[in-house]
Amino acid sequence: MSEQAHGLVAAMERHQVAVYVAAMATGALVGLTLPTVGPGLEHAINPVLAALLYVTFLQVPVAELGRSLRAGRFLTAVLVVNFLVVPLVVAAMFAFLPADQAVRMGVLLVLLTPCVDYVIVFSSLAGGSSQRLLAATPLLLLAQMVLLPGYLYLFMGSKLADIVEPGPFIEAFLVLIVIPLTLAWLTQAWAARRSVGRKAADAMGTAMVPLMAATLLTVVASQVPKLGNHLGKVAQVVPFYVLFLLVMAFVGLAVTRLFRLNRPDGRAIVFTGATRNSLVVLPLALALPDRLAIAAVVVVTQTLVEVIGMVIYVRAIPRLLLVR
């Protein structure tokens, strides 16, 4: 890689939050001015997302994953905040959500699944244990795909069978988890044995910020044209997303104190509890029947709210989290 290219990558990494916001703004502009490109861009979501997750997993050495699984208190706190506390928070909000079934489905899909991509970035910017969080990423992905159908059944009841088919869930698991994770580990094995493999892995590692920006732009541009007459319904969920971020800041703090975690680990716990997996569950929302098409827009709306919230989190959480 040339010195100029290295400089560009370094600049993007230093200003990655601004890059992500700009990508979403550009996506919104494209979606509003060129609505006919939306359907085509939808087909690009899974490929760019799979590439993003491959690069994310590439940062997790297999040995580091093993050590992460042995980091008892931290890993337990990650699982408790995401799969016990968050569902309870969502349950408290559920009765107050708009009655529209598609809107409720979208909110459940996004809030019940923990983020596995840019949470690493924002946690790191706030001084959190990003490497530990990164190493826990495959487990978080596996756990949410296993648990999500059960959570949806608890909230939606017998209606769920008429809404969700297992096929898209299995496809998402294979395309977005199994294949990228396997390829990442094969790349690591190649890098460990050959210098050319090491150079290739290093080069692919620099693609994290551009791929995240491309994913955000693609997702927003493909979904904005769908707003149409649903803008009012979508706007109704924004206060719930804002409330979720506010509540989870203090819930994450409580979990941190409960498990007596140090400051970096505690900040990582706050961020993993607050950030959600909108990009990974979007393909599931897109696979819903046409009458529930607004669910995908509800999922994307959470991304827009969350990225703005994360800019605030990066400054506020280090001041709020006064632990060892």
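First, the conventions. Residues are numbered from 1 along each chain as its sequence is written, and side-chain values use heavy atoms, with hydrogens and water left out. As the model is predicted, local features need pLDDT of at least 70 and side-chain atom pairs count only at pLDDT 80 or more, while totals for chains, interfaces and linings use all residues.

Now the overall build. The chain has 17 helices and 0 strands. Both are DSSP runs numbered from the N terminus: helices are H or I with at least four residues, strands are E with at least two. Along its principal axes, the C-alpha trace spans about 55 × 50 × 35 Å.

Of the 324 residues, 53% are buried. Here buried means under 20% relative accessible area, exposed means over 50%, and partly exposed is in between, with a 1.4 Å probe and protein chains only. The chain exposes about 14,200 Å², and carbon and sulfur atoms supply 67% of it. Those areas come from the Shrake-Rupley method with a 1.4 Å probe; for residues, only the protein chains shown count as cover.

On contacts, meaning heavy atoms within 4.5 Å: among those between residues at least 6 apart in sequence, 86% join residues at least 24 apart.

On charge, there are 22 positive and 13 negative charges, and their mean positions are 13 Å apart. Lys and Arg count as positive, Asp and Glu as negative, and His and the chain ends are not counted. Each charge is placed at NZ of Lys, CZ of Arg, CG of Asp or CD of Glu.

Next, the core. A nonpolar core is a set of buried Ala, Val, Leu, Ile, Met, Phe, Trp, Tyr and Cys residues joined through side-chain atoms within 4.5 Å. The largest one has 110 residues, of which M248, F271 and Y313 touch the most other members. Helix α17, residues 294-320, gives the largest share of this core, 13 residues. Setting aside neighbours within four places in sequence, M248 is in contact with V81, V86, V89, V270, G273, A274 and Y313.

M212 sits in helix α13, residues 208-223. M212 is buried, at a relative accessible area of 1%. Its contacts are Y20, L52, D117, Y118 and L279. From M212 to V89 is 123 residues in sequence and 28 Å in space, C-alpha to C-alpha.

L304 belongs to helix α17. At 33% relative accessibility, L304 counts as partly exposed. L304 touches M24 and V220. V237 is 67 residues from L304 in sequence and 12 Å away in space, C-alpha to C-alpha.

M12 is in helix α1, residues 3-14, and is in contact with V19, V209 and P210. M12 and A203 are 191 residues apart in sequence, with their C-alpha atoms 15 Å apart.

A192 is in helix α11, residues 166-193. With a relative accessible area of 67%, A192 is exposed. The C-alpha atoms of A192 and M12 are separated by 28 Å, and the two residues are 180 apart along the chain.

Last, R260, in the loop between α14 (231-258) and α15 (263-274). R260 is not a glycine, yet has a positive phi of about 50 degrees. R260 is also exposed, at 53% relative accessible area.
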